[in-house]
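Please keep the sequence and the structure in view while reading.

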Amino acid sequence: MFMGWTMKILILTISSLFISLNMVVSHNEVQSDPLAEKAEKVLYQVLKTQSEFVKAHAAEYLIWLGKTEEARIIFLEEDKLYHDLPKYRVVVWRVLAQTEKDTEGKKKWTDQIFKAFVDEQGQDRIHAAETLGKLKLSPTIKYADATNKILKTEKENLYVYTLWASSQASKAAYETNKVKFLNLLYTSKIENLRRVSAFVLRREGNLTATEWTTLTETALAETSTSSLKKTLLNTAIATVPVKMDTSLIYVKAKEELLNDFDDMPAGTRIETALVLADHGTLKDLPVLAYFLADRYSAGQFETNSPVVADIRATAAYAILKIKKRINIY
């Protein structure tokens with residue numbers, strides 16, 4: 001059920017006023033910003049009370065905000081507890097790799113990720129390939145045979161994530177593979193492959209003006225009932241070329257993305273918050289504050305569930321990232 005427009009406008013107006021009042025402080029008073037304080041509290045709460053992947057997301061958000069130490073301490077313990085647990089252990093190593101300050105320290109964790117990637121009998125391969133892509137590590141030099149075998153024989157998630165990881169070899173490798181991701185996005189009959197391709201493009205960007213315009217027009221042309229429409233719009237917002245973020249098509253894409261934000265499913269809320277973290281402005285804080293406040297339509301999510309914690313943590317990160325980007329956090 002959509003909330004009534006009158007109520008939605010009221011919420012946004014009150015939220016905007018609240019945020020504006022918070023900003024009327026000197027630089028030295030920024031730490032008393034109630035929204036920032038709440039967001040940081042939520043991140044640490046999720047880190048300490050949730051488990052596995054939601055816990056890992058909160059840890060990464062803190063690391064990306066420059067708050068590494070507590071995440072490191074907690075995830076060193078996670079490694080002791082779950083070192084032999086397939087799939088999740090790869091994410092633990094991913095978190096820990098990001099806490100290391102030197103190459104040798106990072107190598108301790110990334111070597112284990114590579115090992116999981118090449119283990120054909122293991123249950124970790126997809127997670128390992130995705131993690132290599134996220135950490136910008138390519139397996140094509142040290143594990144060329146294993147990489148090429150996957151790229152020649154696999155067709156679904158393992159293929160796409162391995163293609164992403166192999167794109168980290170060089171700028172030229174990504175430019176070549178970018179065409180493949182765009183082709184998957186536009187032509188694949190498998191919805192999840194379109195979704196993953198959109199995710200990879202969101203993370204890597206570097207679209208030409210023509211590529212971006214085609215992508216954005218495709219997103220806008222998707223029907224309102226399409227489960228991929230918001231995903232494509234998010235990718236359009238995340239990949240907008242320099243100086244095109246004031247174009248009419250960009251403005252329309254963002255407007256359609258945030259339309260009916262109160263009715264977004266969980267995955268779209270998380271996806272949108274991550275995009276706004278890097279590309280949002282102060283005007284987007286009311287939407288993120290709405291996600292942070294755990295508001296949703298009846299029946300959408302189970303109260304106090306891991307997915308709600310994941311939404312709140314991502315919204316918290318986005319709020320703090322926007323504030324940090326403009327030097328008010």
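This is a predicted model: local features need pLDDT of at least 70, side-chain atom pairs count only at pLDDT 80 or more; totals for chains, interfaces and linings use all residues.

A residue is called buried when its relative accessible area is under 20%, exposed when that value is over 50%, and partly exposed in between. Serine 197 has a relative accessible area of 0%, and therefore counts as buried. This serine belongs to helix α11, which comprises residues 191-204. Leaving aside residues up to four places away in sequence, serine 197 touches Val160, Phe181, Leu184 and Leu185.

The mean pLDDT of the protein is 90, with 88% of the residues reaching 70 or more. Over residues 23-30, however, pLDDT stays under 50, and for this stretch the model has 6 contacts beyond four places in sequence.

As for the overall make-up, the protein contains 17 helices and 0 strands. It has 329 residues, of which 51% count as buried. Where contacts join residues at least 6 apart in sequence, 66% of them link residues at least 24 apart. The accessible surface of the protein amounts to about 16200 Å², and carbon and sulfur atoms account for 55% of it.

The interior may be considered next. In soluble globular proteins, nonpolar side chains tend to be buried together. The largest nonpolar core in this model has 96 residues, and those touching the most other members are Leu43, Leu47, Phe75, Leu288, Phe291 and Leu292. Helix α17, residues 306-325, gives the most to this core, with 10 residues. The surroundings of leucine 288 can be listed individually: beyond four places in sequence, leucine 288 touches Ala273, Leu276, Ala315, Ala318, Ile319 and Ile322.

The buried residues of α2 include Leu35, Ala36, Ala39, Val42, Leu43, Tyr44, Val46 and Leu47. An α-helix has 3.6 residues a turn, so residues three or four places apart point the same way. The list for α2 may be read with that in mind; Leu35, Ala39, Val42 and Val46 are among its buried residues.

Which side-chain polar contacts does glutamine 98 make? One, of 2.7 Å, joins the side chain of glutamine 98 to that of glutamate 60. Another, of 2.8 Å, joins the side chains of glutamine 98 and tryptophan 64. Glutamine 98 lies in helix α5, residues 88-99. Apart from residues up to four places away in sequence, glutamine 98 touches Glu60, Ile63, Trp64, Lys106 and Leu135. Isoleucine 63 is 35 residues from glutamine 98 in sequence, yet their C-alpha atoms are 7.4 Å apart in space.

Isoleucine 73 lies in helix α4, residues 69-82. Is isoleucine 73 buried or exposed? Its relative accessible area is 51%, so isoleucine 73 counts as exposed. The C-alpha atom of isoleucine 73 lies 9.7 Å from that of threonine 99, a residue 26 places away along the chain.

Several loop residues complete the picture. Lysine 136 sits in the loop between α7 (125-134) and α8 (144-153), and its phi is near 60°, a positive value in a residue other than glycine. Because its relative accessibility is 48%, lysine 136 counts as partly exposed. Aspartate 260, in the loop between α14 (248-258) and α15 (266-279), likewise has a positive phi, of about 55°, although it is not a glycine.

The loop between α16 (285-292) and α17 holds alanine 293, and asparagine 304 is found in the loop between α16 and α17 as well. With 27% relative accessibility, alanine 293 is partly exposed, whereas asparagine 304, with a relative accessible area of 67%, is exposed. The C-alpha atoms of alanine 293 and arginine 312 are separated by 7.4 Å, at 19 residues apart along the chain. For asparagine 304 and aspartate 294, which are 10 residues apart along the chain, the C-alpha separation is 9.0 Å.

Note on methods:
Residues are numbered from 1 along each chain as its sequence is written. Side-chain values use heavy atoms; hydrogens and water are left out. Helices (H or I, at least four residues) and strands (E, at least two) are DSSP runs, numbered from the N terminus. Contact means heavy atoms within 4.5 Å. A polar contact is a pair of N or O atoms within 3.5 Å; within protein, one must be able to donate a hydrogen and the other to accept it, and residues adjacent in sequence count only if both atoms are side-chain atoms. Buried means under 20% relative accessible area, exposed over 50%, partly exposed in between (1.4 Å probe, protein chains only). Accessible areas come from the Shrake-Rupley method with a 1.4 Å probe; for residues, only the protein chains shown count as cover. A nonpolar core is a set of buried Ala, Val, Leu, Ile, Met, Phe, Trp, Tyr and Cys residues joined through side-chain atoms within 4.5 Å. pLDDT is the predictor's confidence in each residue, from 0 to 100.
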